[in-house]
Amino acid sequence: CGAADLIKDDEKRGMVFKAGNTKDLANKMRQVIANIQTIRANRIYRAKWAEQHISPEAIAHYMIECLTK
């Protein structure tokens, strides 16, 4: 669906694990537990990023831009 493309370049936005790979998922979950304070501290960053890039308004502007080029 492309979700991995949204977060792969910025660790503050999240992590990607391989589908069906329970070891990879378990490792990512351990990372989340170990870094929960940092993850919580970056909540505002993620909210601002989402508003600018994947909110309904941002997607509508992107669609209009694509259609008018």
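**View 1. Leu-6, Ile-54 and Ile-59 form a nonpolar surface patch of about 230 Å².** Patches are made of residues with over 30% relative accessible area and no salt bridge, with like charges joined within 9 Å and nonpolar side chains (Val, Leu, Ile, Met, Phe, Trp, Tyr) within 5 Å. A salt bridge is a side-chain nitrogen of Lys or Arg within 4 Å of a carboxyl oxygen of Asp or Glu. Areas come from the Shrake-Rupley method with a 1.4 Å probe, and for residues only the protein chains shown count as cover. This is a predicted model, where local features need pLDDT of at least 70 and side-chain atom pairs pLDDT 80 or more, while totals for chains, interfaces and linings use all residues. Residues are numbered from 1 along each chain as its sequence is written, and side-chain values use heavy atoms, without hydrogens and water.

**View 2. Ile-59 has its place in helix 5, residues 56–68.** Helices (H or I, at least four residues) and strands (E, at least two) are DSSP runs, numbered from the N terminus. Ile-59 is partly exposed, at 42% relative accessible area; buried means under 20%, exposed over 50%, and partly exposed in between (1.4 Å probe, protein chains only).

**View 3. Here the charged end of Lys-12 sits over the ring of Tyr-45.** The distance to the ring centre is 4.7 Å. To count, NZ of Lys or CZ of Arg must be within 6 Å of the ring centre and within 35 degrees of the ring normal.

**View 4. Stepping back, the protein holds five helices and zero strands.** Its C-alpha trace spans about 45 × 30 × 15 Å along the principal axes. Of its 69 residues, 12% count as buried.
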